Amino acid sequence: MKEEEKMQKIGVVGYGNMSSAIIRRLLAQGYPPKAIVVANPTLDKPSMKELKKLGVEITSDNKKAAAGADRVLLGVKPKNIVTVARQISGVLKPEAIVDSLAAIVDLDIVQRALGPDVKAECVMSNLGAEVGEATTAICLGNKMTRANKEESVGFYKKHGAVSLQKNPKMMNAETVVKGCGTAYPAYFIREMARQASPYLSEEQALREAQQSFQQYFELRTPHNGSACYPAQVVKKLEQACISLGWSEEQARKDIEQLFRGYFELVKKTGEFPDQVIKRVATPGGVTARVIDRLEAGDSLAHAFAAGLTHAEGLGQTISDALNKELDQQQAVDASVPASIPALPALGSGVKYLEGVMHDAVSQGVNGSQQNLSDLSGSSIHSLKPLVASSLHKHGSSESLLGGRDFHSRSFSGLAGGASKFGVFAQPRPLAVAPAHRSAPVASATQKLAQAVGDAAVKVVRSLAR
Ligand SMILES: NC(=O)c1ccc[n+]([C@@H]2O[C@H](COP(=O)([O-])OP(=O)(O)OC[C@H]3O[C@@H](n4cnc5c(N)ncnc54)[C@H](OP(=O)(O)O)[C@@H]3O)[C@@H](O)[C@H]2O)c1
């Protein structure tokens, strides 16, 4: 048996800051690249090219990454979690473990999107994972066995310190402390450097500030009080954790680990504090809220409390929207017939779709490659011949179906519209060829996308009738 066949197969859906930190660590530790498949909509970004060079299979097809994997990491933003979870749920191996890396989204929502029998867990980690110094909390779903738990703890121990969080409601607090955590050392080192002598360059000031924090951790003993800036910051960070429910010991360990993760990360990447903060803080997200409050002069405990309230508010909004979407999808799943009626029975829905496709094609706005095979799900499969025949009818060549000249945004709209009705496809961002990237064209494309999406909804509705 080849080495990679003995290793757990890892599938990644969404390759951004967090999931790439986890995968880079695995690869650096000698994990076989052939045992990893990574799916991401953008294939030509540096981090994806880096994977390809190392021999990791990359794809834009989320299902391909999930099918056959023993562990699937969902590394997308919270707003995309339900969509991708629904996409992959049908292709998972029965024993696969699915890790939602997303902040804010409750485990029960992820579980609902994946299906009740899937082994799911929420994992709140941070960028220290890249250098084996993360601070990770895992909240297990009810299908996870004791053996699964051990497997997961073992997996994340390769990336740093791990704790189990039994109370799913505490995951937002875990986000404030651990998920956002790499940004705190960056923020306070930057603050300390700002107060440094005006004769130091910015780089020197940052280096000295970081050294002060490093020395503080090297020298500190459990009870040595100190009036120095690092000691004050660390104490306040620990107290802020305690205000969220941490024990003194856990607070001490977690804050120390956050700094260790930061020091090792910047040693490897050479990043400045601002760059690290940017990779952790999504605009409008939880880290951004904590940092905004600190910059406004709030105490750390108040800033953490504001971060937690913000996480809970965002979580509620996302949960309400996602539950509504899932309710709608389930209602349609229940009503769509197992076998698709013959073409003539589809009637007006098809005509409408054909008309819209005609408009889309006659606009002559070329999109980048978007293959019909990117769409998936039983109902969308049945739509393919309809779309194909409609394109042919309107004088479009075979090449359109290969995707080269296909109107990418329109098809995204089709996919997006259809997905509202239980047909799961991957809506993609606008990717108009450079020559056409003008505002009026983008806006026309947007309208067409919407129209085609609506048409798809109509067709799916007519299928359901
Ligand atoms: N950053 C952190 O420090 C941190 C810490 C703890 C937890 N988290 C959590 O980790 C998750 C990811 O955060 P991040 O900072 O890594 O975000 P990110 O860098 O923006 O990564 C998100 C990735 O998802 C991809 N994506 C978007 N839509 C997709 C779809 N439909 N299917 C597959 N992939 C899709 C994006 O592709 P493109 O390349 O095309 O944009 C991007 O690579 C979030 O839920 C966040 O709450 C992050």
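Mentor: Helices (H or I, at least four residues) and strands (E, at least two) are DSSP runs, numbered from the N terminus. This is a predicted model: local features need pLDDT of at least 70, side-chain atom pairs count only at pLDDT 80 or more, and totals for chains, interfaces and linings use all residues. Residues are numbered from 1 along each chain as its sequence is written.

Trainee: Which helices each supply at least two residues of the shell around the ligand?

Mentor: The shell holds 30 residues (C-beta atom, placed from the backbone, within 6 Å). G14, G16, T42, A102 and A103 are the closest. The helices that each give at least two residues are α2 (17-28), α5 (81-89) and α13 (273-280).

Trainee: How many shell residues around the ligand are charged?

Mentor: Sort the shell by class. Ala, Val, Leu, Ile, Met, Phe, Trp, Tyr, Cys and Pro are nonpolar; Asp, Glu, Lys and Arg are charged; the others, Gly among them, are polar. The shell has 13 nonpolar and 14 polar residues, and the charged ones number 3.

Trainee: In β8, which residue is the bridge partner of A134?

Mentor: Look at strand β7 (residues 134-140), which runs parallel to β8. 5 bridges join the two. In β8, A134 is partnered by G160.

Note on methods: Two strands pair if DSSP finds at least two bridges between them.
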